[in-house]
Amino acid sequence: MKICFPVQVDEGMGSTVYNHFGSAPIFMVVDTDTNTVSAINNRDQHHTHGACNPMKALDNQRVDAIVVGGIGAGALTRLNQMGIKVHRSQAETVGANMALLATQSLPELSLQGCCGGHSTDGGCAH
């Protein structure tokens with residue numbers, strides 16, 4: 001299973017989860033089958049609000065789930081339509097969130113939990 005995390009800086013499992021999917025500079029992908037971690041540069045980082053293209057952002061690489069601090073409704077809808085579950089981060093790092101995901105302790109996001117826009121620092125405007 002491939003789990004994706006938006007992050008600011010590639011620090012492997014110690015990477016801090018970024019507060020917004022679409023504007024994160026990097027995505028860390030944890031492959032639970034091979035126990036590897038890889039990075040994907042966000043190919044759609046500077047999109048306008050509501051125009052995030054998740055597959056472009058992920059460089060067309062498939063993942064099974066995403067763990068985020070925040071995400072817009074359009075991106076969440078597109079990801080869900082592709083069968084990708086999106087969970088709300090409950091810990092600071094990729095590794096800590098992986099431990100929570102393993103115990104099914106990360107809530108799945110719905111449209112009601114989405115961001116209302118981008119803030120000036122690229123994060124979510126909650």
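Tutor: Happy to. Let's start with burial: a residue is called buried when its relative accessible area is under 20%, exposed when that area is over 50%, and partly exposed in between, using a 1.4 Å probe and protein chains only. The model is predicted, so local features need a pLDDT of at least 70 and side-chain atom pairs count only at pLDDT 80 or more, while totals for chains, interfaces and linings use all residues. Numbering runs from 1 along each chain as its sequence is written, and side-chain values use heavy atoms, with hydrogens and water left out.

Confidence comes next. pLDDT is the predictor's confidence in each residue, on a scale from 0 to 100. The protein chain has a mean pLDDT of 83, with 78% of its residues at 70 or more. Over residues 118-126 the pLDDT is below 50, and beyond near neighbours in sequence this stretch has 28 contacts in the model, where contact means heavy atoms within 4.5 Å. Where pLDDT is low, the predicted coordinates should not be read in detail.

Helices (H or I, at least four residues) and strands (E, at least two) are DSSP runs, numbered from the N terminus. The protein chain has 3 helices and 5 strands, in the order β-β-β-α-β-α-β-α along the sequence. Of these elements, helix 1 (residues 54-57) has the lowest mean pLDDT, 70, and helix 3 (residues 94-102) the highest, 97. Buried residues make up 46% of the 126 residues in the protein chain.

Here is the part you asked about. A nonpolar core is a set of buried Ala, Val, Leu, Ile, Met, Phe, Trp, Tyr and Cys residues joined through side-chain atoms within 4.5 Å. The largest one has 19 residues, and Phe-21, Phe-27, Ile-66, Ile-71 and Val-86 have the most contacts inside it. Strand 2 (26-31), strand 4 (65-68) and helix 2 (73-81) each supply at least two residues of this core, and helix 2 gives the most, with 3 residues. Ile-66 touches Cys-4, Phe-21, Leu-58, Leu-79, Ile-84, Lys-85, Val-86 and His-87, leaving out residues up to four places away in sequence. A second, separate core of 13 residues includes Phe-5, Val-7, Val-94 and Leu-106.

Rings of Phe, Tyr and Trp (its six-membered ring) pair if their centres lie within 6.5 Å; planes under 30 degrees apart count as stacked, over 60 as edge-to-face and the rest as tilted. A search of the whole structure finds 1 aromatic pair: Phe-21 and Phe-27, tilted, at 5.0 Å centre to centre with 35° between the planes. Phe-21 is buried at 0% relative accessible area, and Phe-27 is buried at 0% as well.

Strand 4 also holds Ala-65, which counts as buried because its relative accessible area is 3%. Ala-65 and Phe-5 are 60 residues apart in sequence, yet their C-alpha atoms are 8.9 Å apart. Beyond four places in sequence, Ala-65 is in contact with Lys-2, Ile-3, Cys-4, Ile-84, Lys-85 and His-87. For the chain overall, among contacts between residues at least 6 apart in sequence, 47% join residues at least 24 apart.

Ala-65 takes us on to the largest pocket, whose lining consists of Met-1, Ile-3, Thr-32, Asp-64, Ala-65, Lys-85, His-87, Met-98, Leu-101, Ala-102, Gln-104 and Leu-106. On a 1 Å grid over the protein atoms alone, a pocket is an open set of points where a 1.4 Å probe fits, with protein on both sides within 12 Å along at least five of seven lines, and lining residues have an atom within 4 Å of a point. Helix 3 gives the most to this lining, with 3 residues.

Gln-104, one of the lining residues, lies in the segment after helix 3. Its phi is near 55°, a positive value in a residue other than glycine, and at 75% relative accessibility Gln-104 counts as exposed. Asn-35 likewise has a positive phi, about 55°; Asn-35 sits in the loop between strand 2 and strand 3 (36-41) and is exposed at 69%. Most residues other than glycine have a negative phi.
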